[in-house]
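Q: Could we work through how burial, helix faces and salt bridges are read from a set of coordinates?

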Amino acid sequence: MRSALYVPGDRPDMLAKALDRGADAVILDLEDSVAPGSKEYARAGATAWLEGIAPAGCRAGPEIWVRINPGPQGLADARGVALPAVNGLMVAKTEGVGDLVAVADALSAAPWIALCPLLESAAALLSAPLIAHGPRVTRMQLGEADLCADTGIEPGPDQRELLWPRTQLVLACAAARLAPPLGPVSTDFRDLDALRRSTAALKRLGFGGRSCIHPTQIPVVNDVFTPGAAELERARALIERFEKANSGVAVDDSGRMIDEAVVRGARRVLAAGPESR
């Protein structure tokens with residue numbers, strides 16, 4: 001999942017176009033982008049839209065995730081959108097495994113739906129290694145705006161203040177053998193050069209993709225997280241040379257050692273290439 005486009009659940013005009021925007025996933029949002037007085041309307045509209053879409057395992061195109069509200073309202077959201085078209089739920093403001101257990105119980109009739117806890121407080125982030133092992137969890141994500149409000153972190157232009165929280169999330173996902181996390185949204189959808197730079201930094205940090213709030217961001221994010229031809233060719237060459245050596249170690253054209261760790265990285269590159277999509 002290189003890119004995931006947030007779409008407000010109370011905007012049928014946006015929903016009508018969402019699956020054709022080029023994102024690898026669409027996140028149908030019932031939480032932050034929906035006004036408190038429109039929550040019921042958004043859930044009803046989202047449910048009606050989802051009922052017209054083919055089951056998740058029987059269609060081409062993007063995955064469909066739904067960001068549900070926290071607490072009892074979120075449980076009602078989960079029950080309302082537990083439909084065949086849904087791949088997973090983003091569980092807003094997850095504080096512990098208990099939150100996920102409650103959502104999983106609400107999904108008892110929909111065993112195919114995965115969960116992605118959103119960690120949006122200091123307590124949640126510090127509990128990330130435990131939350132990662134919650135029921136149905138396949139990936140995790142940071143809610144950085146809420147995290148900053150909770151902790152008093154004030155990110156500067158290069159956002160170095162968020163390096164530790166982001167690294168903590170990447171490590172927790174890797175340790176639990178989850179999918180790499182999605183990076184945070186960029187609210188400035190006009191500065192695509194800045195988006196490319198910050199997205200490349202997230203990729204270097206270990207993120208596997210990035211959330212988007214506007215369709216113009218999708219091509220940039222997809223491009224950053226798609227290996228180029230030269231990168232793919234180098235990965236193939238490393239794997240081939242290592243396998244031919246048949247000794248557990250080899251040397252590349254530059255004289256650098258190739259071992260199993262290097263090859264694992266090369267295989268990860270090939271798995272992200274267009275031929276594997």
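Q: Is R166 buried or exposed?

A: This is a predicted model, in which local features need pLDDT of at least 70 and side-chain atom pairs count only at pLDDT 80 or more, while totals for chains, interfaces and linings use all residues. Residues are numbered from 1 along each chain as its sequence is written, and side-chain values use heavy atoms, with hydrogens and water left out. Buried means under 20% relative accessible area, exposed over 50%, and partly exposed in between (1.4 Å probe, protein chains only); R166, with a relative accessible area of 8%, is buried.

Q: Which side chain does R166 meet in a salt bridge?

A: Side chains of opposite charge can pair when their charged atoms come close. The criterion is a side-chain nitrogen of Lys or Arg within 4 Å of a carboxyl oxygen of Asp or Glu, and R166 meets E144 at 2.7 Å, N to O. This pair links distant parts of the chain, with E144 in helix α7 and R166 in helix α8, 22 residues apart (helices are DSSP runs of H or I, at least four residues, and strands runs of E, at least two, numbered from the N terminus). E144 is also buried, at 11%.

Q: Which residues of α7 are buried?

A: An α-helix has 3.6 residues a turn, so residues three or four places apart point the same way. In α7 (residues 144-151), E144, L147 and C148 are buried, and they lie on the same side because they cover an arc of only 100 degrees around the axis, taken from the directions from the helix axis to the C-beta atoms. On the other side of α7, A145 and A149 are exposed.
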